[in-house]
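Hello,

Here is the structure we talked about. Please open it first; my notes follow below.

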Amino acid sequence: MSEYTAKEALVRLVAGNQRFVSGKARFPAIRKDILRNLAKEGQRPYATVLGCSDSRVPVELLFDAGFGELFVIRVAGNVISPEVMGSMQYAGTVLRTPLFVVLGHEGCGAVQAALAAKLKGTRQGRHIEALLANILPGIASSVTLPTAVEANVRWAMHQVLETPEGKAGVARGVKLVGAIYELETGRVRFLA
């Protein structure tokens, strides 16, 4: 279980991203004692982050987090699926992380493909189509990529909050927030 509250965890993420953006990140060197302790004592991440698998969005780096600090789930378009929900449930019930973040990013290719399917009828391979089917309901009123990216983050949050596990987590003080990563600046903008 994390030693931080949801509020403290969010403050740590914001501070880490500020260090990253300012070029003062402390990216930890691989220390054998840290790895040994994590192997022996297990993980106690202070936040769970559902992010996109885009190689330009390395979650631990952009939050300047060390080994064992974040439980990261990555899938194209940061979509909700049974596997993602299982990973989030594990983070909430076993790891007891107090903060969950759905992290989208500017220029997301999965969201862009969903928007092209919606607006132009563009088709993809069947597995990509299955992925896009998880994004399309959330971007129903979107017409631009930036609005679709944010709508997709909010859609994922909505899906989590509608589950019995999501409701129970919120009732016990777990916090769920959305955020957008700005590719050019490195800044993470948390949604209100």
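This is a predicted model. I started with the helix pairs.

α5 and α7 make a right-handed crossing. Their axes come within 10 Å and cross at roughly 110 degrees. That makes α5 roughly perpendicular to α7, as angles of 65 to 115 degrees count as such. On the α5 side, V111, Q112 and L115 make the contact; on the α7 side, L145, A148, V149 and N152 do. By class, that gives five nonpolar, two polar and no charged residues.

α5 (residues 109–120) also meets α6 (residues 126–135). Here the axes come within 9 Å, and the crossing is roughly 85 degrees. So α5 is roughly perpendicular to α6. A110, V111, A113 and A114 of α5 touch L131, L132 and I135 of α6. The residues of this contact are seven nonpolar, no polar and no charged.

Now the sheet. It is open, with five strands in the order β2-β1-β3-β4-β5 and mixed pairing. β2 (70–74) and β5 (188–190) stand at the edges with a single partner strand each, so one side of each has no neighbour in the sheet. From one strand to the next, the twist averages 25 degrees. β1 (residues 47–51) and β3 (residues 99–105) pair in the parallel sense over five bridges. G51 stands opposite L103 in β3.

Two helices to look at against the sheet. α1 (residues 6–22) lies across β1, β2, β3, β4 and β5, at about 35 degrees to β3. α7 lies across β3, β4 and β5, running at about 165 degrees to β4.

Best wishes

Notes
Residues numbered from 1 in each chain as written. Predicted model: local features only at pLDDT ≥ 70, side-chain atom pairs only at ≥ 80, totals over all residues. Heavy atoms only, no water. Axes fitted to C-alpha atoms, helices over the stretch in contact; angles between N-to-C directions. Helix = DSSP H or I, 4+ residues; strand = E, 2+ residues; numbered from the N terminus. Parallel < 35°, antiparallel > 145°, perpendicular 65-115°, else oblique. Contact = heavy atoms within 4.5 Å. Nonpolar A, V, L, I, M, F, W, Y, C, P; charged D, E, K, R; others polar. Left-handed = near helix turned anticlockwise from the far one by under 90°. Pairing = 2+ DSSP bridges.
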